Amino acid sequence: MNPEIERPQVGLFVTCLVDFFRPNIGFAAIKLLEMANCDVEVPKAQTCCGQPAFNSGNRPDTQEIAKQVIATFSQYDYVVAPSGSCAGMLSKHYPELFRDDSQWSEKAVDFAGKVHELISFLVDVRGLNNVGGSYKGTVTYHDSCSGLRELGIKEQPRQLLRSLHGLELRELEECESCCGFGGTFSIKYPEISNAIVTRKTNDIGATNADLLLAGDLGCLLNMAGKLSRDGKRTKVRHIAEVLAGMTDTPPIGQKN
Amino acid sequence: MEPKSQFFLDRSSQALNNRELQDTFRKVGGGFAKKRGEARAALPEFDQLRDEARDIKDHVLENLDLYLEEFEKNVLNSGGHVHWAKTDQDACAIIAELCEKVDARTITKGKSMITEEIGLNDYLENAGFEVVETDLGDYLIQIRGEGPSHIIAPAIHLNRKQIEQDFRTRHQSFPADRVLDEPAQLVAEARQVLRNKFLESDVGITGANFLVAETGSTVIVTNEGNGDLTQCLPRVHIVVASIEKIVPTLEDTSTILRVLARSATGQEFSSYTTFSTGPKKAGDPDGPENFHVVLLDNGRTEMLGTEFQEMLRCIRCGACMNHCPVYQAVGGHSYGWVYPGPMGAVLAPSLLGIDRAGHLPNASTFCGRCEDVCPMRIPLPKMMRHWREREFQSGQTSAIQKAGLKIWAYFAKRPRLYHFASRQASRLFATVAGRKSYIRSIPFDSGWTAHRDLPTPQGRTFQELWEADKERQEKS
Amino acid sequence: MKSDLARNEILDSVRKSLRVSNKDQQRKRVVLDHLRYHKRNLIPQRSIVDGVNLVELLTHYLKGQQANIIRIKNKEELPAAISEFLKLNNLPSRIRCGNDPHWDAIPWDQKPSLERIIGPANADDRVSLSLAFGAAAETGTLFLLSGPENPTSNNFLPETHIVMLQSSDISGPYEDVWTRLRKTPQYPAMPRTVNLISGPSRTADIEQTIALGAHGPRQLCVIIVEE
């Protein structure tokens, strides 16, 4: 696959969770983007995609945040986020947010056209099918809901994982089932969220994999937190960290 | 059925802590989802048919008044009667009057969600009629005094032991030492018990999966044959249906039938799909003398022309709840009314009001599986979000939640302030956690840390580290 | 609110919500045309087969739903086929059926032990016989029409239901059967009941375990006449 632009300007949408909880993912994303021949910038004026407001029914605040995001990132060829749910918000929901706004509708649609989730950007746009390198161990992969259903991310992460020498991928029985995070859902309906994530961690335990990967930090924090509370052995990382060979940082929720 | 949706939190908590119920749910597992997947794989045109089904219903809804008039005309032409009911009470009153007119004593019922919605059984029983549910699942819950927990498998929350217990208690005329270990034996007993009721019934009441405008026919889709015995043996057949059940032609009905059973149970087609048109014809040796269709509004016209219009495409297959992680965890009774799962989360607030049913559209992770499998392509998560928007606009969101989000939004709109606060918070968290990689409990939080640990942040934000990196590079 | 008042209220309410007028002739024309021409939508490829393949397709799906299939060369073989089936299943040699004129051409006297009772079934009848109007091989779906020829209660009351079907009456998709019905002079209008039957009665309401014979027939036997 021939990438359209030789050396594109990519604005990295870090995401609020990566920024706050796990910068390592942001650095891994940059490394991968540079591997794919991109010039990466990280605009300072970014905070959040607005999902918390959007999913709580607060359209006015969401629109204000969205305008900010669109203005900050409009100069880039591509906008890439290491998160299916954030990329989904920016590319699928921003246009809908401004559908009735004559001034912002076109801007939102133009902007949405540039937005990609990290893994799908590498494979589908940059034509990367091999990251080189190796990972010795058994890995299982959770398909985060937004990435899967809004953006069609399914084969791409598996393709890149298979290109790592020594990695054994074990599929979850219910890899496409929700992990129970759902943003504020996990706090508003904690018992139900717990029931759902328990089902997921039992599934993870059944694979006996060394490592759990996914493309969304929200899901990962949720599953890691449950695995830890239940004393299960599987460690947790964002897929970007493994693909970029940046596994010096301890896994999510582990100290050295 | 008195709605109890406002008690969703308590009810779901009870369900989650009910060991026997959770065991039953575990056995049900992903069975329906698996079967639906297999049925879809066996029919290459399945997704295209879903698009066509959607388009058919959209066309009907845009012309609902005209199609209703045509349907009515054709029912009358075939010798049937049409009654119109604005509310649930109106419908119940009409039906009771029809039963009184023929001095009915026993009324048999085919499976019908709409009759649950209007509380018909209670109304008729209070009016002195004997009402017998003949669908096995409906019968099982009727004898327990419970409501349905699934729109096509109403007794899915029961296990074989519970059913055996109920039968032994209820069916006193059978020998006490009989064996009831197998489902087949229980089914055979139910068949015997209900056979007499079919034969003595004066009035048979069914719902309708479809109302065919072209011919004035009503359609029921079943597997047991109870709906057919209900509507063919008694003197009077009453069909109760809400107005959005209209489908234009037999061809259109065939298209939607192709996606219905496959989405519901994974069958290619149900055992019995029956088209009923008018009362018996002159010379027919069996069939009802009188045929009545009761058309019900009960809030549908208010959904038309709004952002909830698409919900009226629903054909009550149950696929959404079969694939919903929330429904699978808490079961249908948690939703507190007739319609559970994702379709209930959208429909119940329309019919009951968002103040009573508010929890339902909020208790969703928006995983999107429901929309993924809906044969009528209904954008369920989007409509749940619309309910959250309505709540927010009318100030019904909880004060604490609203305040929290307001504060967060204040920061999110101001990047420099946000980054400053993030840096402080990240450090604070990491300091509080000390050497521990997890935070096990947070004061005032009974949400996250009640069941999970919270991974400690790395201690510095990405923006902070990135800036530091850039400065280092510039200096060197 | 009385039904007539409710009727006007509901229809007005629909029009108000849709922001349309009762006077719009264009809309009316669209609806009437749609009903008049009853255009077909997508027909799955699998049901576009003919001849012997139709019989095989129908048989495949009916067997998949635990129906019995018997194939006979001509209708003269019917009494023997029925007798054989009843004997095999330990059923009495007594069947309930309607007064379909097609039965007149059957040589029933070849099997004098086979008792035929004409009329709609009652609670004691254990076996019934119907003639199918047609079938859609697409999903193994029989089409049975109500009337004195084939009373509807015969399809549901007895435990065993035998259906005779001419192979030439088997269509591919459901739409072909509807088209045929519309063109059949004997049925200027829809009969009271059209039963689409794709297998015996079943339920999975008890622990998702399939049990046959929930209320309708436990056994469905389809006798396909090739000629």
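Reader: Which residue stands opposite B:I238 in β10(B)?
Author: B:H292 stands opposite B:I238. The model is predicted, so local features need pLDDT of at least 70 and side-chain atom pairs count only at pLDDT 80 or more, while totals for chains, interfaces and linings use all residues. Residues are numbered from 1 along each chain as its sequence is written, chains are lettered from A and ligands numbered from 1 in the order in which they are written, and side-chain values use heavy atoms, with hydrogens and water left out.

Reader: How many bridges join β7 and β10 of chain B?
Author: Seven bridges join strand β7 (residues 236-242) of chain B to strand β10 (residues 290-296) of chain B, and the two run parallel. Strands are DSSP runs of E with at least two residues, helices are runs of H or I with at least four residues, and both are numbered from the N terminus. Two strands pair if DSSP finds at least two bridges between them.

Reader: What is the order of the strands in the open sheet of chain B?
Author: The order is β1-β10-β7-β4-β2-β3 (chain B), six strands in an open sheet with parallel pairing. At the edges are β1 (81-85) and β3 (130-133) of chain B, each of which pairs on one side only. From one strand to the next, the twist averages 20 degrees. Axes here are lines fitted to C-alpha atoms, for helices over the stretch in contact, and angles run from 0 to 180 degrees between N-to-C directions.

Reader: Which helix lies across β2 and β3 of chain B?
Author: Helix α11 (residues 183-200) of chain B lies across β2 (106-109) and β3 of chain B, and runs at about 130 degrees to β3(B). Contact means heavy atoms within 4.5 Å.

Reader: Turning to α5 of chain B, how many of its residues are buried?
Author: Ten of the 14 residues of α5(B) are buried, so this helix is largely enclosed by the rest of the structure. Buried means under 20% relative accessible area, exposed over 50%, and partly exposed in between, with a 1.4 Å probe and protein chains only. Among the buried residues are B:L64, B:Y67, B:F71 and B:V75.

Reader: And B:N77, buried or exposed?
Author: B:N77 is exposed, with a relative accessible area of 61%. This residue has its place in helix α5 of chain B. The C-alpha atoms of B:N77 and B:V221 are separated by 24 Å, and the two residues are 144 residues apart along the chain. Just after α5(B), B:G79 takes a positive phi of about 95 degrees.

Reader: What span should helix α5 of chain B have?
Author: At 1.5 Å a residue, the 14 residues of α5 (residues 64-77) of chain B should span 20 Å, and the end C-alpha atoms are 20 Å apart, which agrees. The expected span is 1.5 Å times one less than the number of residues.

Reader: How is chain B divided into domains?
Author: Chain B has domain 1 (43-298) and domain 2 (414-475), with bounds from an automatic or database domain assignment. Taken over C-alpha atoms, the centres of the two domains are 58 Å apart. The secondary structure of chain B comes to 25 helices and twelve strands. Buried residues make up 65% of its 476 residues.

Reader: Which chains share the most contacts?
Author: Chains B and C do, of the two pairs of chains in contact. Chain A and chain C do not touch, and their nearest C-alpha atoms are 20 Å apart.

Reader: What does chain C contain?
Author: Chain C has five helices and twelve strands, and 58% of its 227 residues count as buried. Its C-alpha trace spans about 70 × 45 × 40 Å along the principal axes.

Reader: Why is β12 of chain C largely enclosed?
Author: Seven of the seven residues of strand β12 (residues 219-225) of chain C are buried, so the strand is largely enclosed by the rest of the structure. C:Q219, C:C221, C:I223 and C:V225 point one way, and C:L220, C:V222 and C:I224 the other way. In a regular strand the side chains alternate between the two faces of the sheet.

Reader: Which residues stand opposite C:I224?
Author: C:R71 stands opposite C:I224, and C:I224 is also the bridge partner of C:L165.
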